Amino acid sequence: SSSTTPIKATLFPGDGIGPEIAESVKQVFTAADVAIDWDEHFVGTEVDPRTNSFLTWESLQSVLKHKVGLKGPMATPIGKGHRSLNLTLRKELNLYANVRPCYSLPGYKTRYDDVDLITIRENTEGEYSGLEHQVVKGVVESIKIITRKASMRVAEYAFLYAKTHGRKKVSAIHKANIMQKTDGLFLQCCDEVARKYPDIEYEKVVIDNCCMMLVKNPALFDVLVMPNLYGDIISDLCAGLVGGLGLTPSCNIGEDGIALAEAVHGSAPDIAGKNLANPTALLLSGVMMLRHLKLNKQAEQIHSAIINTIAEGKYRTADLGGTSTTTDFTKAICDHL
Ligand code: NAD
């Protein structure tokens, strides 16, 4: 409300549908009287030599200063000689864990109606270390790096998350039967942290079996923690269980308490600028950001308004089988507030 000092947060509207859905978030937050003062930063039009990417140095400084932000999708610019935007963000801000809640939305029917799980993905190493090269013609090599430091950090985060969010179980997902050294070390770290949390059930599940169990009965899982590449794949699988990319939020956790929430989906160039995008994923990411800031009352209000709008079924965007525009759907959410 107007009596509280607004909290400063960085906003990256991003590319493609990004600015349309970011506008939706701003409108809904205003309607809910959320005291956030957005520090808006767009992706640059040329490479900033200080970041060696299209991300401006000022935008990174903004997140480092405010320690909290919301990010729209960023298209990966074509061309060589600069770093990927998302990788730059992860590296520069030390965003070591990607947290994706995945739950059935009441009122939007999918194959399952009892999904309620959280995937926690290690975000800095594994196959994403950028170490690929040609050994000789016809033979290439990619190096998977797993460190004790990064594995402990993400395992600690997963158990702490479980404890502070009233979760009962953590499953470590791996392929240590084949990747004995790398996934073996990851598991050792999870084992070590698990011993410090005797009240939280702990299990180890091989990734292929995990996929089978997830599609057969997702209710078997609670919190899942895993190395980078497995997390990339499993979290999209989970998004598919509850209705797709237009609905699923995430939050990147960094060192020094940084939280950068972002929708899971990309910039959707096929529907950009057409007022067709579903803003739900970015809105729910905004809700995660509010919960991180302990603005729980407003988080719940906005969350309910979204759920109720979708459940009512009168205003839905095309990806959910409706005919509403982004702006009509946004207005309906604001009306529910
Ligand atoms: P995408 O997620 O942008 O689109 C996949 C499909 O889902 C498209 O048909 C799109 O229309 C639809 N879709 C996605 N979000 C939607 C929404 N909110 N509402 C309605 N429909 C939605 O994936 P892509 O086409 O593979 O990637 C496009 C660009 O986005 C690429 O440049 C890619 O690098 C980038 N990307 C960025 C991020 C990120 O910033 N975190 C993530 C993924 C992809």
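**Ground rules.** I call a residue buried if 20 or more other C-beta atoms lie within 10 Å of its own, exposed if 12 or fewer, and partly exposed in between, with C-beta atoms placed from the backbone. I keep in mind that this is a predicted model, where local features need pLDDT of at least 70, side-chain atom pairs count only at pLDDT 80 or more, and totals for chains, interfaces and linings use all residues. I number residues from 1 along each chain as its sequence is written.

**Confidence.** I looked up pLDDT, the predictor's confidence in each residue, from 0 to 100. The protein averages 94, and 98% of the residues score at least 70. I also noted ipTM 0.98 and pTM 0.93 for the model.

**Met-288.** I started with this residue, which lies in helix α8. My helices (H or I, at least four residues) and strands (E, at least two) are DSSP runs, numbered from the N terminus. Is Met-288 buried or exposed? Met-288 counts as buried, because it has 21 C-beta neighbours inside 10 Å. I count a contact when two C-beta atoms, placed from the backbone, lie within 7 Å. Setting aside neighbours within four places in sequence, I find Met-288 in contact with Pro-249, Cys-251 and Ala-261. I also checked Gln-61: from Met-288 it is 227 residues away in sequence and 22 Å away in space, C-alpha to C-alpha.

**The sheet.** I count two strands as paired if DSSP finds at least two bridges between them. In what order do the 10 strands of the open sheet run? I read β2-β1-β3-β12-β11-β4-β5-β10-β8-β9, with mixed pairing. The edge strands are β2 (36–40) and β9 (201–206), each pairing on one side only. Neighbouring strands are turned by 25° against each other on average, direction ignored. My axes are lines fitted to C-alpha atoms, for helices over the stretch in contact, and my angles run from 0 to 180 degrees between N-to-C directions.

I zoomed in on β1 (residues 7–12) and β3 (residues 68–71), which run parallel and are joined by three bridges. Leu-11 has Leu-70 as its bridge partner in β3. Helix α2 (residues 57–66) lies across β1, β2, β3 and β12 (259–263), at about 150° to β1. Helix α7 also packs on the sheet, touching β4, β5, β8 and β10, and its direction makes about 155° with that of β5.

**Helix α7.** This helix (residues 228–241) has 14 residues and reaches 20 Å from first C-alpha to last, close to the expected 20 Å. I take the expected span as 1.5 Å times one less than the number of residues. Which residues of α7 are buried? I list Asn-228, Tyr-230, Gly-231, Ile-234, Ser-235, Cys-238 and Ala-239. After α7 comes Gly-243, with a positive phi near 125°.

**Positive phi elsewhere.** Asp-256 is not a glycine, yet its phi is about 60°. I find Asp-256 in the loop between β11 (249–254) and β12. Asp-256 counts as exposed, because it has 8 C-beta neighbours inside 10 Å. Ala-268, in the loop between β12 and α8 (280–292), has a positive phi near 45°. Ala-268 is buried, with 22 other C-beta atoms within 10 Å.
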